[in-house]
Amino acid sequence: MALLLRGSRGALRALGRPAAARALLEPPPPSSLCGLERFMKDCTLSNAPKKPWSSYIRFTMEQRPMLTQQNPNLKSTEIIKKLAEAWRELPESQKKVYEDATKAALQVYKEEAAKYMAELSPNQKKILKEEKRRRKIRKEVIKKKRELTFFGKPKKPRSGYNIFISEHFKEAKGISSQQMMKLLNEEWKSLSSSRKQVYVQLAQDDKIRYVNEMKSWEEKMLEIGREDLLRFRKLKAKIGKHLEEIY
């Protein structure tokens with residue numbers, strides 16, 4: 001499983017240098033790169049042909065509405081599992097229908113993409129290339145974050161304030177989450193020093209827990225050959241807010 005989840009290091013090579021990573025991940029202005037999602041509405045490159053679905057995705061998109069209707073109480077994860085099982089059990093003759101449809105769509109895509117590229121100016125081609133590079137890196141970063149969760153990276157320690165909120169937060173009829181947070185925030189501010197100290201101590205204990213768990217987790221990652229996750233974690237700590245902007 002670890003081998004299957006091992007991400008490509010090539011796309012994240014630039015992320016090994018924090019200074020370069022900041023420049024790479026900071027959103028560019030619309031005039032320099034309009035391909036990013038937040039600028040897509042006014043971007044001339046938003047009309048670029050899209051790659052067709054794979055045969056499996058085509059199958060799931062066709063079958064999912066019917067499966068969901070037949071099983072309204074199933075969670076999305078269970079629906080996905082059932083679709084995967086159905087695809088594996090699908091006879092090759094029926095799979096070929098989806099595969100042929102994908103091949104036909106791919107041929108149309110290639111023709112449209114060639115025509116589209118031929119009509120672009122040199123500057124537009126440069127912008128499109130930069131957009132693809134950024135999108136590839138964003139996908140790799142998201143994949144790394146998912147892998148951190150998959151391999152059980154310990155949760156970060158909570159502050160005394162966060163512990164207080166989690167203990168007292170509850171949904172109340174007629175009170176929105178925002179209102180509840182406002183009330184709890186005021187209550188936290190009015191707590192006596194002795195009561196706050198209880199949560200401060202809990203936070204310190206949680207920090208010790210985190211340090212010990214991280215030490216064991218890092219040793220485990222080294223044992224299974226996932227040093228790349230350790231490097232990514234340390235990099236994220238340095239430029240975390242920039243990495244979060246990609247989500």
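# Rings and crossing helices

Guide: In this predicted model, Val-198 counts as partly exposed, with a relative accessibility of 48%. Val-198 sits in helix H9, residues 193-223.

Visitor: What lies 38 residues from Val-198 along the chain, and how far apart are the C-alpha atoms?

Guide: That's Gly-160, and the two C-alpha atoms are 8.1 Å apart. Gly-160 belongs to helix H7, which covers residues 160-168.

Visitor: What makes H7 and H9 roughly perpendicular?

Guide: Two packed helices are described by the angle between their axes and the distance between the axes. Here the angle is about 110° and the axes are 8 Å apart. An angle from 65 to 115 degrees counts as roughly perpendicular, so H7 and H9 get that label.

Visitor: Which residues meet where H7 and H9 pack?

Guide: From H7 you have Gly-160, Ile-163, Phe-164, Glu-167 and His-168, and they meet Tyr-199, Val-200, Leu-202 and Ala-203 of H9. Sorted by kind, that contact has 6 nonpolar, 2 polar and 1 charged.

Visitor: Let's turn to the rings. How many aromatic pairs does the structure hold?

Guide: There are 9 of them. One is Tyr-56 with Trp-87.

Visitor: Why is the pair of Tyr-56 and Trp-87 called edge-to-face?

Guide: The ring centres are 5.8 Å apart, within the 6.5 Å needed for a pair.

Visitor: How do you know whether Tyr-56 and Trp-87 are buried or partly exposed?

Guide: Trp-87 has a relative accessible area of 12%, under the 20% limit, so Trp-87 is buried. Tyr-56 has 27%, which is between 20% and 50%, so Tyr-56 is partly exposed.

Visitor: And what makes Phe-150 and Phe-151 an edge-to-face pair?

Guide: Their centres are 5.1 Å apart and their planes are at 90°, which is over 60, so that pair is edge-to-face. Phe-150 counts as partly exposed at 48%, whereas Phe-151 counts as buried at 12%.

How values were computed. Residues are numbered from 1 along each chain as its sequence is written. This is a predicted model: local features need pLDDT of at least 70, side-chain atom pairs count only at pLDDT 80 or more; totals for chains, interfaces and linings use all residues. Side-chain values use heavy atoms; hydrogens and water are left out. Rings of Phe, Tyr and Trp (its six-membered ring) pair if their centres lie within 6.5 Å; planes under 30 degrees apart count as stacked, over 60 as edge-to-face and the rest as tilted. Buried means under 20% relative accessible area, exposed over 50%, partly exposed in between (1.4 Å probe, protein chains only). Helices (H or I, at least four residues) and strands (E, at least two) are DSSP runs, numbered from the N terminus. Axes are lines fitted to C-alpha atoms, for helices over the stretch in contact, and angles run from 0 to 180 degrees between N-to-C directions. Angles under 35 degrees count as roughly parallel, over 145 as roughly antiparallel, 65 to 115 as roughly perpendicular and the rest as oblique. Contact means heavy atoms within 4.5 Å. Ala, Val, Leu, Ile, Met, Phe, Trp, Tyr, Cys and Pro count as nonpolar, Asp, Glu, Lys and Arg as charged, and the others, Gly among them, as polar.
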